[in-house]
Amino acid sequence: MRKSFLLARSNLRKSKGQTAAIFVLMLLAASMLNLWLMLSTDYKQNFDRYHDKLHAEHVTLSVDRHDTEMQNFLIRTLEKKKQTTEFSLTDSMHMVGSFAFHGGEISTELIFLEKQAALSRSVGKIELIKDSNIQSGIYLPILYQSEKNAIGKTIQVSVGSHKIEYTICGFFNSIMAGSHNCSLCEVLLTEDKYRELEQSGYAPASTLCSIRLKEKSKSQSYETQLKNMVSSYDPSVRTISNSYTLVSQSRYISQMICSGIISAMAFFILLIALIVVASNILNYIQENMKNLGTLKAVGYTGSQLIHALLLQFLGISLAASLLGESISYGMFPFLNTMMISQTGIPYRIHFLPFPFFFTLLVSSGVTALVVWLSSRRIKKVEPIVALRQGLLTHNFKKNWISLETTGIPLDLALALKTTFSAMKQNITVCITMLVLSLIVVFSGLMTENVIVDMTPFSNLIVGETADSCINIQTDLEKAFLQKMQSDPRVEKIYLYHSVSVRHVNGVELVATICDDFAKVNNQDVVFEGRFPKFDNEIAIAAKYAKEHDLNIGDEITIAANGMEAAYLISGYTQTSNQLGKDCLLTRAGYMRLGKLSNASYYLNLSDQTDIDIFHEEIKEHFQKAVNTTINVASILEGSASVYVSLMMMIVITVLVLSVIIIAFVLYLLVRTMLRNKKQDYGILKALGFTTKQLILQTAFSFLPAVILSTIVGSAVCSLIINPLTAFFLNSIGIVKCTFRVPADYIILASIILILSAFLLICLFAWKIRKITPRSLLAGE
Amino acid sequence: MKNILLKTSQLSKSFSSGGRLQHVLKNIDLELYEGDFTVIMGASGAGKSTLLYALSGMDTPSLGTIAFKDQIISTLNQDQLAIFRRHHCGFVFQQIYLIDGMSLMDNVLSAGLLVIKDKKILLDRARNLFTAVDLSEETWKKFPAQISGGEAQRAGMVRALINHPEILFADEPTGALNFKTGLDVLNTLTDFNEHGQSIVMVTHDMRSARRGNRILYLKDGIILGECNLGKYIPQDPARHNTLSAFLSEMGW
Ligand SMILES: Nc1ncnc2c1ncn2[C@@H]1O[C@H](COP(=O)(O)OP(=O)(O)O)[C@@H](O)[C@H]1O
Ligand SMILES: [Mg+2]
């Protein structure tokens, strides 16, 4: 053991550069791995911890009635259901509302609670995170704290079509209703403000039920059943609801994106690091055949020599992993701040033993395995043979690119000779460049579809987008439409109204009703089959269809308002909004189940139109008939900015990482090549080759592998990136992804990748100038 | 009167080893002539190789100038020296130094293509030279590891001569060879010299030295003396005696 240790130390001393490069790669891999494990275990579990801490509900339901009759019905119903373990009912008001946030607007179902009533709830507790002694005003979810939304400042909240100004008193956290991603969002009002709102009649008095279940996995079906029971009891009530399943996923979309990308990065970097280790060992054996033979001759066993290598690389890997892990703890706070802006759930970073030790175990385990596999041939080294022949590993079978017959210019021909005789190097280059081209294509895709123009991304995630959404009572619908059609600012107007329906035998679905689907902006929502055209057609979420084995052409029965009707499936849809639980109906189709009492219209407005002013005018004209107006454009900006900045960070990080990786891998390869070919370079210099020629030859010898793998990699990745993204987004309801693959960007980036590889090699090969023909004399 | 091919003045070379400056060559003034077979002799470590590499532009002197014909080469940078070498010099090394990864032919052509752009002319020359050193066509395709030391050194000579060098430098070309193959190599060198090839050869062995027409003796960093033997005649006892006398005078 001691001997192995001494050997390992001398090996390390001889290869400082390689050691450093492997160290950095291992460090990156370990930090990614640890980060990924932390994100996907404890960070994700934080939701459950918070859920427990706040004794949160598994199903939330808000019904816009709060008379005793309704409340008694609710209590009876909830007590009857076997899954119910505990619940609390609280007086509230609910209404679609919005407020400014991050340069955009947040619009969601707002549930107004009286502060004291809210704080005394037994289920679905609210945690005041920031408080002040301001006596009159509003408390917002902690997620919406920003420079503009700070304690003491005023905020304008739209309630339906009315605007109210409140002073911000503080911030709170509610696990199931603390973000627009929960599909409903609580806000607390001090008692005076609550009474004011009650008296204004802007928002209907409602009852908020928070129910805890025996099994949280049943939350979705429970939610559906409960809603059905309520609406069959009183078809006129409007209910809004969510479930544990929905919230636990939708609040963690950014976590999912981050950990998906980080896990992929961790995997690839580890792979590259291991390849580098393996080729390093193979080279070491080749270079040191004579030394190894000598060592064996003086009595070292093959195992001792392998142990030395194991010690050496395990040492590097352990040290690198430890440092990498501390770096991941250093990076976590940034990631945490990024993600909190989407999850809205505070997370306290602390030491996590499982990811820590698992990372150590994985990185040292695979390193040991790779070292063992690639160093086994040491056992076969026979001392006499090794001593006598030294380098025996050259394969002289073929004289690649014979100078006698080739028409290729001399420098290139010599480079190609090297290329063909250095297959190990080519493989390492290829794998590295394949990984890097995947990264380039991915970052191109994200830049194009999220950062530069996020329409494709929002089409995918949000579904339909327009400039404005106006909800109007149906009695005045005709007059409204006439006015809109004569308004020059309105470029397009169409019905786009969501109601909840139930799939008989299944769960609740959000049905979107449109008078003519040809008018909707996002024609990609239906990605297979077509939009429903006739009153007996329906398009349903692909994810849901898959789970329930429903095919295009099948008939399904939908229920709403106590009525049932059968529809033929005309196509599949996908949006992440309802996590894959939505469907599309024509208006005529929905009429078979009931009538609409109000209708939401989507409008495209001309570019110069000030959407808010436009809304004011409409409200003035139609007065009470206008229920809500939503500035969709600014809402999109608001909720999208989170994703844009997250993506931007991810893209920049992966690009920086890929530059680092390519630099280190190439450094290692060039170094190895210079070592192996030092004598050849000396001879060639003596024969009259200049340093420039030799540097170019070195760089050219890498280029075939670099170019080939970059081209193949970019092409293949461009083809598979959409399915791959869809695969990652599957859990939020995305089945098929049709992001635009930016060919120009990818071609440009590939060229840059190849050029920078070339330049880096030249830079690393710059050392050739130090090789003098005189060094040939050294052997004398 | 012979033409001067190489001329040094005040040529010095020092190495710093372990912080100490070691003066290997001291103010050497030397002229080498066209058509000569010059031999540099001296004990091991005398600085013979150092002198040879300085003369051939493989290395730059610490002080002094070296002129090749009318061109001062001691002020050239590394790349300019490389270009100078490919056009004017050929090298034969003791360790032969063929490139392992290439066939013998490609070893020769990789040097030849640097200068001779016409492939046909180049190939003709290579074939003629290979034949001249008595290497058969099937050997050309072999790799250095597949042939004997003597064959390798003869291939090395083909490579050295491929570009019609004005001067051929040989550093103990027979040092790594056995008697018989060493003899072949010497015969080949003598043969080329008789056809007008200027040669500078370093050796510390009398049998090799006898081939030269001009013998220089290097000791303590200076040319201690020189001896002219005239045209090489095999088995010439007078030549042998002259050389022996010269060497013992030099303290050999
Ligand atoms: N690169 C070098 N660095 C330091 N000392 C050197 C170097 N090359 C040669 N020497 C020294 O110069 C002296 C002459 O070397 P060399 O010319 O090789 O002798 P020879 O060829 O006559 O045996 C030796 O003492 C050697 O140690
Ligand atoms: Mg020598």
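A salt bridge is taken as a side-chain nitrogen of Lys or Arg within 4 Å of a carboxyl oxygen of Asp or Glu. The structure is a predicted model, in which local features need pLDDT of at least 70, side-chain atom pairs count only at pLDDT 80 or more, and totals for chains, interfaces and linings use all residues. Residues are numbered from 1 along each chain as its sequence is written, chains are lettered from A and ligands numbered from 1 in the order in which they are written, and side-chain values use heavy atoms, without hydrogens and water.

Over all chains, the search of the whole structure finds 28 salt bridges. In one of them, the side chains of R587(A) and E477(A) meet at 2.5 Å, N to O. Helices (H or I, at least four residues) and strands (E, at least two) are DSSP runs, numbered from the N terminus. E477(A) counts as buried, at 10% relative accessibility. Buried means under 20% relative accessible area, exposed over 50%, and partly exposed in between (1.4 Å probe, protein chains only).

A further salt bridge joins the side chains of R740(A) and E448(A), at 2.4 Å from N to O. R740(A) lies in the loop between α22 (691–728) and α23 (743–765) of chain A and E448(A) in helix α14 (residues 423–452) of chain A, so the bridge ties together parts 292 residues apart in sequence. R740(A) is partly exposed at 46% relative accessibility. E448(A) is also partly exposed, at 22%.

Chain B has its own example. The side chains of E31(B) and K7(B) meet in a salt bridge of 3.0 Å, N to O. E31(B) is in strand β2 (residues 20–33) of chain B and K7(B) in strand β1 (residues 4–17) of chain B, 24 residues apart. E31(B) is partly exposed, with a relative accessible area of 24%. K7(B) is partly exposed at 40%. Salt bridges that share partners also form a network, which joins R65(A), D67(A), E69(A) and D234(A).

The contact between the chains (heavy atoms within 4.5 Å) takes 36 residues from chain B and 33 residues from chain A. About 3000 Å² is buried between chain B and chain A, and carbon and sulfur atoms give 60% of this area. Buried area is the accessible area (1.4 Å probe) that two parts lose on being put together, summed over both. Two salt bridges cross this interface. R127(B) forms a salt bridge with E404(A), with the closest N and O atoms 3.6 Å apart.

Helix α6 (residues 149–161) of chain B has 13 residues. From its first C-alpha to its last, helix α6 of chain B reaches 18 Å, close to the 18 Å expected at 1.5 Å a residue. The expected span is 1.5 Å times one less than the number of residues. Of the 13 residues of α6(B), 11 are buried, so the helix is largely enclosed by the rest of the structure. Among them are G150(B), R154(B), M157(B) and L161(B). The cover over the buried residues of α6(B) includes α21 (678–687) of chain A. Chain B contributes β6 (89–92), α3 (104–112), α4 (119–132), β7 (167–171) and α7 (179–194) to this cover.

Aromatic pairs were assigned to rings of Phe, Tyr and Trp (its six-membered ring) with centres within 6.5 Å; planes under 30 degrees apart count as stacked, over 60 as edge-to-face and the rest as tilted. The count comes to 29 aromatic pairs over all chains. The rings of Y494(A) and Y602(A) have centres 6.0 Å apart and planes at 50°, so this pair is tilted. Y494(A) is in strand β13 (residues 490–495) of chain A and Y602(A) in strand β21 (residues 598–605) of chain A, 108 residues apart. Y494(A) is buried at 0% relative accessibility. Y602(A) is buried at 14%. F517(A) and F531(A) form a stacked pair, 5.1 Å centre to centre with 10° between the planes. Ring pairs also link Y43(A), F47(A), Y244(A), Y252(A), F332(A) and Y347(A) into a cluster.
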